[in-house]
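Open the model in your viewer and keep the selection panel at hand. The stops below go from a helix pair to a set of charged side-chain pairs.

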Amino acid sequence: MKKILHFLLNILLTLFFIVAVLAGLFFYRQWKSGKLIDSKIPEAVTVESVSYDRYAYQHISAEAQETYDQIYDCIINFDDAVTLVTNDENVLNAAYEAMTADYGDLFWISGYQYNTYTSGDEVVRLEFLPKYTMSEDQKNVYQASVEQISNQWLSGISQSASDYEKAKYVFETLIENVDYDVNSQENQNILSVFLYNKTVCQGYADAAWYLLDKLGINSVVITGTANNENHAWNLVYLDGAYYYMDVTWGNSKYLNQNNDTTKRVNYAYMALTTEEISQSHTITSSFEVPECLSNADNYYVHEGLYYDWFGTDAIGNRIAQSFEAGDSEISLKFSSSDLYGRVITYFFDEKHITDYCKDIESIYYLKDDNANVLTIQW
């Protein structure tokens, strides 16, 4: 009997050894092929969207929207990482681009990294890791300063003002308070604007988004090129229509009559149509953008300084009105380059401006050929 039990025990031990060896070989092969996923990496969990009313969010795929929700939730909560619902790196890229277009206030991050987990040649899991530039405590300190300064800047405009008035106020405020400087600190986010008063196009676009958002105006940061250089500006929704707004190009510098460099607000870039912005800007944002057709909230249209016909008396009398009122300057916009050129020829080359401004002794004018805008300074 003992011999039989001993024999059976040996058989069981042998079988156990064989199974263990086979299992070891199986898991080794799985590990070598990438089919084993680290159990420490959690499963992807969807989060509730708080961005459903954001423009870029609405113009990406459903899969990218879910990914967008995850990475935004990760960033605002200062989480180290999140396992994504998508396994597609292109979807992740589209989601991140849309998120940064919809939120111009994420000054505590600078891009992201991701881990890829594969099974053979197939990606089976992506893990998103934000690149934080500061701690959460530091972020909160900076946020408080930004809030204080931005509230001061917005103290001069009412929440009940029209969309046009709010956009114009933000446009003017940023240009008057912030200089363009490629060497400015934190110039890829809003800290450069509110803390250091110097920035570049990305800072201007993010800050415009931030101030407009505080005033209840929907906008999105657009990326692309202008004059063949990387650039950023805004798409804004004003009084029921979309427009483009470029604060950077609105911050204009020129040599005045005394050969001094002077900064001025160039309203030609406050509310543009697609046709107008396309004269100098090319959009590379991957999400769909609308065709901006309205010019109702264009500064020149709104202020009665826009002309789509060659009415010499109408134009001349408007110029004379500014001259006699003692204004520092007047800017006029024309509907086409042809009309713009005819006006310059008639009033300046042929000197017909003296027919309307009788006592004028000298004239100094600025041309913006891209926008068909003529500025006369007295």
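This is a predicted model: local features need pLDDT of at least 70, side-chain atom pairs count only at pLDDT 80 or more; totals for chains, interfaces and linings use all residues.

Start by selecting helix H5, residues 136–153, together with helix H8, residues 201–214. Their axes come within 11 Å and cross at roughly 70°. Angles of 65 to 115 degrees count as roughly perpendicular, and H5 and H8 therefore fall in that class. The crossing of H5 past H8 is right-handed.

Now show side chains at the contact. On the H5 side, pick Gln143, Val146, Glu147, Ser150, Asn151 and Trp153; they meet Tyr210, Leu211 and Lys214 of H8. By class, this contact has 4 nonpolar, 3 polar and 2 charged residues.

Next come the salt bridges, of which the structure holds 8. Arg54 sits in the loop between helix H1 (2–33) and helix H2 (55–58), 159 residues from Asp213. Arg54 is buried at 17% relative accessible area, whereas Asp213 is partly exposed at 30%.

Move to Lys198 and Asp181, whose closest N and O atoms are 4.0 Å apart in a salt bridge. Lys198 lies in strand E5 and Asp181 in the loop between strand E4 and helix H7, so the pair ties together parts 17 residues apart in sequence. Both are partly exposed, Lys198 at 39% and Asp181 at 22%.

Finish with Glu276 and Lys333, a salt bridge of 3.3 Å, N to O. Glu276 belongs to helix H10 and Lys333 to strand E13. Lys333 is buried, at 4% relative accessible area.

Technical notes
Residues are numbered from 1 along each chain as its sequence is written. Side-chain values use heavy atoms; hydrogens and water are left out. Axes are lines fitted to C-alpha atoms, for helices over the stretch in contact, and angles run from 0 to 180 degrees between N-to-C directions. Helices (H or I, at least four residues) and strands (E, at least two) are DSSP runs, numbered from the N terminus. Angles under 35 degrees count as roughly parallel, over 145 as roughly antiparallel, 65 to 115 as roughly perpendicular and the rest as oblique. A crossing is left-handed if the near helix is turned anticlockwise from the far one by less than a right angle, and right-handed if clockwise. Contact means heavy atoms within 4.5 Å. Ala, Val, Leu, Ile, Met, Phe, Trp, Tyr, Cys and Pro count as nonpolar, Asp, Glu, Lys and Arg as charged, and the others, Gly among them, as polar. A salt bridge is a side-chain nitrogen of Lys or Arg within 4 Å of a carboxyl oxygen of Asp or Glu. Buried means under 20% relative accessible area, exposed over 50%, partly exposed in between (1.4 Å probe, protein chains only).
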